[in-house]
Amino acid sequence: MQIDRHVHAIKVPFRILTPQGFVDRFVYVYLIYGTHGVCLIDTGVASAAEPIFNYLRSTDRKVSDISLIIQTHAHPDHIGASRTIKGETGCAVAAHPAERAWIENVQLQARERPVPDFDTLVAGSLAVNRLLGDGEVFDLGCGLKLNVLYTPGHSRGSLSILLLGYHVLFSGDAIPVPGELPIYEDVLASVASIKKLKAVKDIRFLLPSWDEPSKGAAAYERMDAGLEYLQRVHDAVRRCSLQSSDLDPQELSECVLQDLGLPPGLANPLVARTVAAHLSVRDQKVII
Ligand SMILES: [Zn+2]
């Protein structure tokens with residue numbers, strides 16, 4: 001679907017096989033169409049390569065037009081099809097230095113951050129050609145410029161990307177979605193990152209990976225809702241950990257999910273990491 005003059009979105013549905021059975025999910029892949037090349041913001045899961053190629057053909061572009069993939073971060077549902085697309089097109093791949101090791105060695109990532117069904121989600125490892133830092137400006141040609149915003153918290157090297165002049169913000173997984181499993185590594189960094197995004201003026205489109213696109217004022221409301229959710233999770237972690245001090249990480253995660261109105265059975269090591277991030281700042285009552 002076309003979002004703006006140069007920006008397109010592809011919603012990629014996928015299923016993850018977990019110990020509790022199949023879980024249906026989706027992730028958005030975004031495409032920026034320049035006069036010559038096409039830049040992808042993430043590539044979804046491994047099965048997204050064909051839908052991306054088909055979308056390009058259906059909009060009178062060629063697969064070989066893909067000249068650049070910018071990875072908001074290294075998680076499986078963001079780098080899944082990158083190896084296939086890079087192999088097909090020879091495009092460059094850009095990411096933050098802190099994400100590089102997990103993109104270039106996906107088995108290392110699978111060991112250090114086990115995700116159910118990892119090998120189905122990710123086509124394989126690939127080289128990162130360009131390292132990105134906060135404030136960098138990318139010139140895509142034909143008047144399209146991207147500003148790189150360093151927005152860690154969900155992961156150490158998470159990036160958001162602003163399409164300058166068009167006020168389109170790609171936020172990756174930087175903004176947590178209320179009612180979804182809370183997954184991040186550093187909660188205070190997440191808070192700071194969302195506030196940094198809120199400070200971007202006149203956003204016309206907010207384009208996250210795990211949530212629907214939103215427009216204008218609704219974009220800022222999403223960010224506020226994300227901040228409030230972080231505080232709710234924090235309150236839940238404080239309640240559960242203060243109630244009983246002898247819970248192991250799994251039991252504590254189950255208690256937190258129950259407190260949030262989510263099925264406790266969804267507790268897993270990723271949620272436990274989120275809970276640990278909150279515990280490290282438990283003395284702080286208000287975090288947003
Ligand atoms: Zn992620």
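The residues that line the largest pocket of this predicted model divide into 26 nonpolar, nine polar and six charged. The pocket itself holds about 830 Å³ of space, and of the 41 residues that line it, the closest to its centre are Leu181, Ile183, Trp210, Asn268 and Leu270.

**Where the pocket lining comes from**

- At least two residues of the lining are supplied by each of β1 (7–18), β2 (21–33), α2 (76–79), α8 (217–243) and α10 (269–279).
- The largest share of the lining, three residues, comes from β1.

**Helix α10**

- At the start of α10, a side-chain oxygen of Asn268 reaches to within 2.9 Å of the backbone nitrogen of Leu270, and both of these residues are listed among the closest to the centre of the largest pocket.
- Leu270 is also one of the buried residues of α10, which are Leu270, Val271, Ala272, Thr274, Val275, Ala277 and His278.

**Aromatic rings**

- The structure holds three aromatic pairs, and one of them is formed by Tyr28 and Tyr30, whose rings are stacked, with 5.7 Å from centre to centre and 10 degrees between the planes.
- Both Tyr28 and Tyr30 are buried.

Conventions: Residues numbered from 1 in each chain as written. Predicted model: local features only at pLDDT ≥ 70, side-chain atom pairs only at ≥ 80, totals over all residues. Heavy atoms only, no water. 1 Å grid on protein atoms, 1.4 Å probe; cavity = no way out; pocket = protein on both sides within 12 Å on 5 of 7 lines; lining within 4 Å. Points joined across faces, edges and corners; volume = space filled by probe spheres on them. Helix = DSSP H or I, 4+ residues; strand = E, 2+ residues; numbered from the N terminus. Nonpolar A, V, L, I, M, F, W, Y, C, P; charged D, E, K, R; others polar. Buried < 20%, exposed > 50% of the residue type's maximum accessible area, 1.4 Å probe, protein only. Polar contact = N/O pair within 3.5 Å; in protein donor to acceptor, adjacent residues only side chain to side chain. Phe/Tyr/Trp six-rings, centres within 6.5 Å; stacked < 30°, edge-to-face > 60°.
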